[in-house]
Amino acid sequence: MDTGQVIFRGILALVILVLIFFSQRYWFRQAWRLKQRVAHAGWRRLLRFMWAALLLAVVLPAVGWLLGLRGSSGKLFPLLGTWFFASLLGWLGIRAVKGAEFAWERIRHQVLKQRHRNTPVGAQHAAAAAAEQNLAPVLTGADGLLNPARRHFFRTATYFAGALPFIGAAYGFASERFRLTLERVEVPLANLPVALDGLRIVQISDIHMSAYMTRAQVRRAVDMANDLGADLAVVTGDFITGRHDPLEECVEEVARLRAPLGTWGCLGNHEIYAECEDEATELLRKAGVRVLRRENAEIIWQGQPFNLIGVDYQRTRGLDGRKLPMLAGVEPLVRRDVPNILLSHNPNAFDRAAELGIEFTLAGHTHGGQVNVEILESQINAARFMTDYVAGLYSRPLTSRLPRVEARGRSPLATSFLYVNRGLGTVGAPVRVNAPPEITLFTLRQV
């Protein structure tokens with residue numbers, strides 16, 4: 001990793017830590033001041049105890065997280081992430097309102113100063129005399145600095161900005177992360193053989209089985225997927241989040257997927273973090289689910305073959321910080337005589353997949369950002385910091401320059417498609433807002 005990257009990441013980490021520190025200090029100071037307003041001594045002691053308990057509940061898990069001690073607190077760390085997420089956004093919202101109020105007051109002050117300079121001397125003395133008698137409309141009227149309506153507006157806006165992230169986090173935790181949706185997508189592939197027209201593929205992704213994605217929830221998703229009657233089932237990585245999560249239970253539920261052409265999958269980045277890539281592959285194989293790790297398989301449907309390719313998580317950079325090529329070693333796996341479908345957890349492999357001539361890529365990884373907020377027609381989504389492919393269907397020209405069998409009659413205007421699944425589970429904070437979990441049913445169509 002070069003010096004510039006080290007400095008940038010160090011500065012970014014320091015900025016985040018500083019923001020978290022100041023946000024926590026703000027909220028705990030507010031809680032302490034609230035305690036001081038209570039007149040009854042017994043209630044004050046109780047509130048003081050609750051304040052200290054809350055402080056320890058935040059500080060101790062945070063220290064444990066920094067030290068890597070996460071095994072014994074499977075439920076606590078996601079809640080800690082939710083608290084940091086909501087409290088930081090709430091604090092930033094309050095700071096933004098305070099900044100807007102300060103800027104407004106400064107502008108009004110300059111306007112009034114300019115108006116005062118342009119007022120004749122006699123009128124200035126009259127205004128001063130009126131001010132001494134609390135009758136100065138310049139200060140207290142509709143245009144004045146002390147306008148009660150304006151102060152009430154900014155106070156209300158401050159409360160709203162501080163409370164909204166907590167309300168959103170509570171909604172995302174208690175409601176939307178359970179609102180499993182079914183997305184039906186038709187994918188028009190150029191030169192698709194007639195026999196494959198109407199082929200149905202069901203995809204689930206990013207299960208993240210843990211304390212906040214229970215076995216019952218995974219079973220519900222698998223049952224919904226089975227009810228769709230798809231011809232092929234695929235799972236695109238991140239079966240669990242960490243090494244202490246129940247991998248075997250997750251595999252048992254995934255193995256319940258039923259499709260005539262079988263269940264296939266690839267691995268995600270959290271299998272790397274949990275150091276269970278080989279274990280997950282073997283468990284799934286024994287359960288009847290084949291994981292493709294830089295491999296391909298010919299699958300035949302109604303007498304017509306197609307090529308299914310799978311890769312492990314495609315890292316953007318190596319451990320030394322150098323940029324890594326996407327889909328290295330995959331080129332020999334791409335067929336020139338039949339359609340190709342790629343399973344890649346990371347959607348950033350799509351550009352390279354289109355260059356290699358892969359017609360359709362299925363991915364996950366982003367969770368749809370988990371929190372997707374629209375403000376002034378602009379989407380605020382954390383996933384946009386790591387990819388241009390956040391959720392849904394994307395396309396780009398199929399730019400492969402490699403020769404293909406003439407019988408396929410490939411059109412020069414052929415298109416490669418990518419679909420990014422929002423996944424089932426969560427990571428970091430067990431919250432989803434405007435990014436509900438999904439199961440996707442694809443139908444391949446001729447164009």
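**Strands, helices and single residues**

Me: Which residue stands opposite Val 291 in E5?

Reply: Gly 265 stands opposite Val 291. Two strands count as paired if DSSP finds at least two bridges between them.

Me: What should I know about the model itself?

Reply: This is a predicted model, in which local features need pLDDT of at least 70 and side-chain atom pairs count only at pLDDT 80 or more, while totals for chains, interfaces and linings use all residues. Residues are numbered from 1 along each chain as its sequence is written, and side-chain values use heavy atoms, with hydrogens and water left out.

Me: How many helices and strands are there?

Reply: The protein has 11 helices and 14 strands. Both are DSSP runs numbered from the N terminus, helices being H or I with at least four residues and strands being E with at least two.

Me: What is the strand order in the sheet that holds E4 and E5?

Reply: The order is E1-E14-E2-E3-E4-E5, an open sheet of six strands with mixed pairing. Strand E1 (181–189) and strand E5 (289–291) are its edge strands, each pairing on one side only. On average, neighbouring strands of this sheet are turned by 25 degrees against each other, direction ignored. The axes behind such values are lines fitted to C-alpha atoms, for helices over the stretch in contact, and angles run from 0 to 180 degrees between N-to-C directions.

Me: Which strands does E14 pair with?

Reply: E14 runs parallel to E1, joined by nine bridges, and antiparallel to E2, over four bridges. Glu 186 has Thr 443 of E14 as its bridge partner, and Val 202 has Leu 441 of E14.

Me: Is E14 (residues 438–446) largely enclosed or largely open?

Reply: It is largely enclosed by the rest of the structure, because seven of its nine residues are buried. Buried means under 20% relative accessible area, exposed over 50%, and partly exposed in between (1.4 Å probe, protein chains only).

Me: Now the other sheet. What is the order there?

Reply: This open sheet of six strands has the order E6-E7-E8-E9-E13-E12, with mixed pairing. Strand E6 (295–301) and strand E12 (392–397) stand at the edges with a single partner strand each, so one side of each lacks a neighbour in the sheet. From one strand to the next, the twist averages 20 degrees.

Me: How do E9 and E13 pair?

Reply: Strand E9 (residues 360–363) and strand E13 (residues 415–420) pair in the parallel sense over four bridges. Within this pairing, Phe 360 stands opposite Phe 417 in E13.

Me: Switching to helices: at what angle do H7 and H8 pack?

Reply: Helix H7 (residues 215–227) and helix H8 (residues 247–254) pack at about 20 degrees, with axes 9 Å apart. That makes H7 roughly parallel to H8; angles under 35 degrees count as roughly parallel, over 145 as roughly antiparallel, 65 to 115 as roughly perpendicular and the rest as oblique.

Me: Which residues make that contact?

Reply: Arg 215, Val 218, Arg 219 and Val 222 of H7 meet Glu 249, Glu 252 and Glu 253 of H8. Contact means heavy atoms within 4.5 Å.

Me: Are they buried or exposed?

Reply: Asn 191 counts as partly exposed because its relative accessibility is 24%. Leu 327, at 3%, counts as buried.

Me: Where is Pro 165, and what does it touch?

Reply: Pro 165 lies in helix H6 (residues 148–174) and is buried, with a relative accessible area of 15%. Residues up to four places away in sequence aside, it touches Ala 86, Leu 89 and Gly 90. Pro 165 and Leu 89 are 76 residues apart in sequence, yet 6.1 Å apart in space, C-alpha to C-alpha.

Me: Finally, what are the overall figures?

Reply: Of the 447 residues, 44% count as buried. Among contacts between residues at least 6 apart in sequence, 74% join residues at least 24 apart. The protein exposes about 23700 Å², of which carbon and sulfur atoms supply 61%; accessible areas come from the Shrake-Rupley method with a 1.4 Å probe, and for residues only the protein chains shown count as cover.
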